[in-house]
Amino acid sequence: MAGIAGAQPFPFSFDPAATALIVIDMQRDFVEPGGFGASLGNDVTRLQAIVPTVAALIAGARRAGLAIIHTRECHRPDLSDLPQAKRDRGSPTLRIGDPGPMGRVLIAGEPGAEIVPDLAPLPGEVVLDKPGKGAFHATPLGQILADRGVRFLLFAGVTTEVCVQTTMREANDRGFDGLLVEDATESYFPAFKAATLDMIRAQGAIVGWTATTAEVLEALDV
Ligand code: TIU
């Protein structure tokens, strides 16, 4: 077993052979100007800033031999997996499926739905397309993790309080021990990121743990 003594709210123990790193939605649509995140009125620069940290975390996880799963929030070109409520919500400048500067917004196969080049998946790593905020909803993620004997999950990616937190809560209810890597996740709203970290680790790790990339890499001895 490996351990992160400085994890909050108390030390986190995990078996690297039974651990996966889940990198949530580090897509051009959320991180670059002109994509879905920007269409909702957000400033994407905060999210761009974590790319080097996420790259370092992924590199360390590769050296340690962890299972690595990349997710992408996107929909089928025919929009058959897009609930009308999701398409209609709010007043975005572009709706999901509309043509934008990076192709159709949040549609599989379009440039905007791709993971940013600096975090490109390697052959053999799972790339999971998901139609919802949570990565377990309407995907084979549960089976993929069961097939690999995974019991511990490390989480990175964007955005902290939307797709990352939703997935972490789904995982918690499914019996996984999950840790959110604090500096490898980001929100368009600093206060929401801070609140998410607090609520995850409150009440004796009611949802899970948090720790830094440096602490995770030290625990993995990479
Ligand atoms: N809008 C926002 O903060 N997030 C999303 O819509 N999806 C993800 O978090 N990936």
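The model is predicted, so I noted its conditions: local features need pLDDT of at least 70, side-chain atom pairs count only at pLDDT 80 or more, and totals for chains, interfaces and linings use all residues. Residues are numbered from 1 along each chain as its sequence is written, and side-chain values use heavy atoms, with hydrogens and water left out.

**Entry 1: ligand shell**

I listed the residues around the ligand: Asp25, Phe30, Phe36, Leu40, Glu73, Lys133, Val158, Thr159, Val162, Cys163 and Tyr188. By class, I recorded 7 nonpolar, 1 polar and 3 charged residues in this shell. Here Ala, Val, Leu, Ile, Met, Phe, Trp, Tyr, Cys and Pro count as nonpolar, Asp, Glu, Lys and Arg as charged, and the others, Gly among them, as polar.

**Entry 2: polar contacts**

I looked for pairs of N or O atoms within 3.5 Å. A nitrogen atom of the ligand lies 2.7 Å from a polar side-chain atom of aspartate 25. For lysine 133, a polar side-chain atom is 2.9 Å from an oxygen atom of the ligand. An N or O atom in the side chain of threonine 159 lies 2.8 Å from an oxygen atom of the ligand. On its own the ligand has 290 Å² of accessible area, of which the protein covers 92% (Shrake-Rupley method, 1.4 Å probe).

**Entry 3: pocket**

I then searched for pockets on a 1 Å grid over the protein atoms alone; a pocket is an open set of points where a 1.4 Å probe fits, with protein on both sides within 12 Å along at least five of seven lines, and lining residues have an atom within 4 Å of a point. The lining has 27 residues, with Phe36, Leu40, Glu73, Lys86 and Lys133 nearest the centre.

**Entry 4: backbone**

I placed aspartate 25 in the loop between β3 (19-24) and α1 (28-31), helices (H or I, at least four residues) and strands (E, at least two) being DSSP runs. Phi of aspartate 25 is near 55 degrees, a positive value in a non-glycine residue. Valine 158 and threonine 159 are joined by a cis peptide bond, with omega about -15 degrees. I found another cis peptide bond between glutamine 8 and proline 9, with omega about 10 degrees.

Key. Near = heavy atom within 4 Å. Polar contact = N/O pair within 3.5 Å; in protein donor to acceptor, adjacent residues only side chain to side chain.
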